[in-house]
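Here is a short report on a two-chain model. Please keep the sequence and the 3D view open while reading.

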Amino acid sequence: MIGVLVVVVVIAASVVVGLVMRHRNGRARPTTIVGSPIAEHLRGRLGSNATMVQFSSAFCQPCRATRRILEEVTVMVPGVSHVEIDAEENLDLVRALDVKRTPTVLFLGPAGDVQERASGQPRKVDVIAALGRVMGSSGDVTI
Amino acid sequence: MTTPVCTRNQIDPRGPRFGATITSLVLIAAIVVISTPVGVVLVAWQTVVFGLGAFVGLHAQPYGALYRALVQPRLPRPTHLEDAAGPRFAQGVGFLMLALALVSVLIGLTVVATVLLAFALAAAFLNAAFGFCLGCEMRIIGLRVLSR
């Protein structure tokens, strides 16, 4: 009977974890970064309205899907650039920015400041919502 | 859009999820009857399954073979393929956990075996039900810690 109890607890806990992770995936939330550790990497690649910095790793299918989604958004929204960084080859950056999983997308404002972050594969609407908040400070933007 | 062709290195992503579903069922049964000979057989079986997938390759994994024979022909061609390396690594982790569980149950440490099987079940279930790859989630944290 203990076995049945263990199974029920494990499945119930997994369902909760799964639902929470699915809900949180891709949703951007405000974040503060001390200093500007990625300034070097972004020289010349900042978007005039916003920049999306994506951390990816090998064998990460959600990273590939995220790349496709972000690329599509850069076509839709003017002045937004997409920069992709290999997490495994930039572990110092990963630590400085406290990246815990891939994909992680940082949303930078027009001044190149990190304002929001999202981990996990986003939906296109999540990306556009985050961009709307990040670009809001620069005045009127029509999508 | 051309339909992708499954190769040794690029696989239909639905295959591993099917495998994770079978694995979950096997592990549920194993946990429930762990104190019986059937439980030991189930653990031994799942250890072999993971071992084949990890050391021989995903094509040798019995659940994958079942998927290709029975399920895949009934589904539309996959819209995209995924790299085989991720699922193969997961098989290796699964093998480690199941092998330890097998040793534990054979020397009478049923509680240890149950705990190991419970973690394996959580990982398999999360993959089957939500498509989450727990090993992938731990990869970056693991690299951060190991390369300190």
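How many helices and strands are there in chain A? Chain A has 5 helices and 5 strands. The model is predicted.

Read from the N terminus, the elements of chain A follow the order α-β-α-β-α-β-α-β-β-α. The C-alpha trace of chain A spans about 65 × 35 × 25 Å along its principal axes. Chain A holds 143 residues, and 36% of them are buried. Take the contacts in chain A between residues at least 6 apart in sequence: 73% of these join residues at least 24 apart.

Within chain A, confidence is highest in helix H1(A), residues 2-24, at a mean of 96. Confidence is lowest in helix H2(A), residues 39-42, at a mean of 81.

General point first. Two packed helices are described by the angle between their axes and the distance between the axes.

Helix H3(A) covers residues 61-76, and helix H5(A) covers residues 124-135. Their axes lie 10 Å apart and meet at an angle of about 50°. That angle makes H3(A) oblique to H5(A). The crossing of H3(A) past H5(A) is right-handed. From H3(A), the contact takes Ile69(A), Leu70(A), Glu72(A) and Val73(A). From H5(A), the contact takes Lys124(A), Val127(A) and Ile128(A). By class, the contact of H3(A) with H5(A) has 5 nonpolar residues, 2 charged residues and no polar ones.

## Chain A: a look at Pro30

Pro30(A) sits in strand E1(A), residues 29-30. Is Pro30(A) buried or exposed? Pro30(A) is exposed, because the count of other C-beta atoms within 10 Å is 12, and a residue with 12 or fewer is classed as exposed.

Which residues does Pro30(A) touch, leaving aside those up to four places away in sequence? They are Gln115(A) and Glu116(A). Asp92(A) is 62 residues from Pro30(A) in sequence. In space, their C-alpha atoms are 22 Å apart.

## Chain B: the H1-H5 pair

Now to chain B. The axes of H1(B) and H5(B) come within 8 Å of each other and cross at roughly 150°. That makes H1(B) roughly antiparallel to H5(B), because angles over 145 degrees fall in that class. The crossing of H1(B) and H5(B) is left-handed.

H1(B) supplies Arg17(B), Ala20(B), Thr21(B), Thr23(B), Ser24(B), Leu27(B), Ile28(B), Ala30(B) and Ile31(B). H5(B) supplies Thr114(B), Leu117(B), Ala118(B), Ala120(B), Leu121(B), Ala124(B), Phe125(B), Asn127(B) and Ala128(B). Sorted by class, the contact of H1(B) with H5(B) has 12 nonpolar, 5 polar and 1 charged residues.

Val26(B) is found in helix H1(B). Arg139(B) is 113 residues from Val26(B) along the chain, and their C-alpha atoms are separated by 26 Å.

Val41(B) lies in helix H2(B), residues 37-56. Val41(B) has 12 C-beta neighbours inside 10 Å, so Val41(B) counts as exposed. Leu98(B) is 57 residues from Val41(B) in sequence. The C-alpha atoms of Val41(B) and Leu98(B) are 12 Å apart.

## Where the chains meet

How many residues of chain B are in contact with chain A? The count is 27 residues of chain B, against 24 residues of chain A. On the chain B side, the elements that give two or more residues are H1(B) (14-32), E2(B) (82-83), H4(B) (85-106), H5(B) (110-130) and H6(B) (134-146). H5(B) gives the largest share of that side, 8 residues. By class, the side of chain B that touches chain A divides into 19 nonpolar, 3 polar and 5 charged residues.

Definitions and conventions. Residues are numbered from 1 along each chain as its sequence is written. Chains are lettered from A and ligands numbered from 1 in the order in which they are written. This is a predicted model: local features need pLDDT of at least 70, side-chain atom pairs count only at pLDDT 80 or more; totals for chains, interfaces and linings use all residues. Two residues are in contact if their C-beta atoms, placed from the backbone, lie within 7 Å. Helices (H or I, at least four residues) and strands (E, at least two) are DSSP runs, numbered from the N terminus. Ala, Val, Leu, Ile, Met, Phe, Trp, Tyr, Cys and Pro count as nonpolar, Asp, Glu, Lys and Arg as charged, and the others, Gly among them, as polar. pLDDT is the predictor's confidence in each residue, from 0 to 100. Axes are lines fitted to C-alpha atoms, for helices over the stretch in contact, and angles run from 0 to 180 degrees between N-to-C directions. Angles under 35 degrees count as roughly parallel, over 145 as roughly antiparallel, 65 to 115 as roughly perpendicular and the rest as oblique. A crossing is left-handed if the near helix is turned anticlockwise from the far one by less than a right angle, and right-handed if clockwise. A residue is buried if 20 or more other C-beta atoms lie within 10 Å of its own, exposed if 12 or fewer, and partly exposed in between; C-beta atoms are placed from the backbone.
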